Structure formats: structure tokens, C-alpha cells
Amino acid sequence: MAEPSNRYTLYGAPGSGAVPVHAALTLIGEPVDVVDVAPWEGDSERDKLASLSAMRQAPVLVLPSGEVMTESAAILVWLGDRYPEARLAPPPDHPMRAQYLRWMVFVPAAIYSMYWVRDVPSRLASGPEAEALILERTAERVAECWRLMDGQLPRGTRYLLGDEIGMLDLYVTVVSRWTPRRTRFYREAPRMAEVVRQVDADPRLAAFWQARYPFNGAWEELEDVES
Ligand SMILES: N[C@@H](CCC(=O)N[C@@H](CS)C(=O)NCC(=O)O)C(=O)O
């Protein structure tokens, strides 16, 4: 537990998994104090999280009660249920609830987990050749998982699971900005491509994106496997 306060505190720098959580809190309208920590930059950054998270990873959300939450998807699902009036998550009896939980778990299990390896490839094997191969293969795996997910999502709705923006849309919009970046993502996942472009351009999030994770046009030009 941390000290109780009347606000949320979110740990994670721009570009981290804290971004979809912050986007959700923005749409919900809950104030949040943000602490920029970039654990991928090394142990000195990771250590800033050590008292809150044994994994020393971002995001960490400290709830107003002082309770600590980690795991981006769990945080998003919890916020969706905590603020039903924001309509960012299908409630438990909703026909899309099962698919919502399915894809909210797929993103961190199959895709986000690859970045633990990508951030420091020597965690699995060291040497320039081994590390280059790890970067190449994990980028391919991420692309494959986006393609498989895209093929199984419903069609014909404005957002991924319906006509209103939701947690899954925010999550996919941010994670799809990461390597292998948007050019590849658009090719592998044409259905999700339509949706993330709308979320990138959503006027309710314009100020938030600008402040916390401005869209970089180069993400749509490069097919970069190295960062
Ligand atoms: N399963 C975690 C993964 C979090 C994660 O990998 N965060 C990255 C930053 S986006 C991190 O802290 N990387 C540094 C490290 O793993 O040492 C979640 O979904 O929140």
C-alpha cells in the first residue's frame, strides 16, 4: 500500500504502457498525477519503481485508496468496471464481454510481453548477431499476432468491439505505435488500422496525445525492428 490520497498516481513515461491508462483516465475525467519513469532506460529508472512493483516495470497505478496496481490490461479492465458511466468497457452481462476480456488479455500476453525481450535482447542471448536475430524475430512475432488478432475481430463497427470507443481501442492504438511500427501494423491488421487512425485523431484525446505521446509521422514511414 502507498499513502491514501484523493487522486490517482500513474508511473510511466511517454511511450510506455502508462499511456493507454492515462488516455482512459482522460476520457473518464479523473485527475491523475503522473510520474515519468522509463524503465527501459536502465536500472536507475527501474529502481524508481522498486518500492511499488517487484517487477520494476511501468505502468504502476496507485489508486486513491493507496492500493497499488500493476499490469496494464488489469488496470484498464478495472477502470472500465469502476467507471461504468464512461462506457469504456462492456459490462459483465454484455454480449461483447467475453471478446473484450479475450483481446484485452491477448495484447499483453502475446504482444506486450515481447518488449521485455526487445528492450534488452541480451536478457535471452548476448552478442551482436544473437541480439539482432532476437529483434528481428520478436518484431515478426508481434506482426504475426496483430494479423491473427485482426482476422478474428468483428467487422462493421466504428471501433473494435462496437460503435463507442473503449479500453481495447486505447490499448491497441498505443501498442501498435511500438516496433514494428505503424506501416507494418496497417499491412498486417487492416481492420484495426481503420480504428487506431480514428483514435489517433479523436478530438477528445487531442490535447492528451499532444502532451503525452504526440503522433510521430515516421511511425508510418519506417519499418524499424531495432527500437
Ligand atoms: N505485463 C506488464 C508489462 C509492462 C512492461 O513491460 N513495461 C515496460 C515499459 S512499457 C517496462 O517496464 N520495461 C522495462 C523492463 O521490463 O525491465 C504490463 O502489461 O503492464
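This is a predicted model: local features need pLDDT of at least 70, side-chain atom pairs count only at pLDDT 80 or more; totals for chains, interfaces and linings use all residues.
Residues are numbered from 1 along each chain as its sequence is written, and side-chain values use heavy atoms, with hydrogens and water left out.

**Exercise 1.** Work out the order of the strands in the open sheet, and find its edge strands.

*Solution.* 
- Start with the terms: strands are DSSP runs of E with at least two residues, numbered from the N terminus, and two of them pair if DSSP finds at least two bridges between them.
- Now read off the order: the four strands go E2-E1-E3-E4, with mixed pairing.
- E2 (32–35) and E4 (68–70) pair on one side only, so they are the edge strands.
- Next, look at E3 (residues 60–62): three bridges join it to E4, and the two run antiparallel.
- Within that pair, valine 60 sits opposite threonine 70 of E4.

**Exercise 2.** Find out which residues are closest to the ligand and how much of the ligand the protein covers.

*Solution.* 
- Count a residue as near if one of its heavy atoms lies within 4 Å of the molecule.
- That gives 14 residues around the ligand, the closest being Arg46, Ala58, Glu71, Ser72 and Arg123.
- Check alanine 58: one of its backbone N or O atoms is 2.7 Å from a ligand nitrogen atom.
- For glutamate 71, a polar side-chain atom lies 2.7 Å from a nitrogen atom of the ligand.
- Finish with cover: the protein hides 91% of the 510 Å² of accessible area (Shrake-Rupley method, 1.4 Å probe) that the ligand has on its own.

How values were computed:
A polar contact is a pair of N or O atoms within 3.5 Å; within protein, one must be able to donate a hydrogen and the other to accept it, and residues adjacent in sequence count only if both atoms are side-chain atoms.
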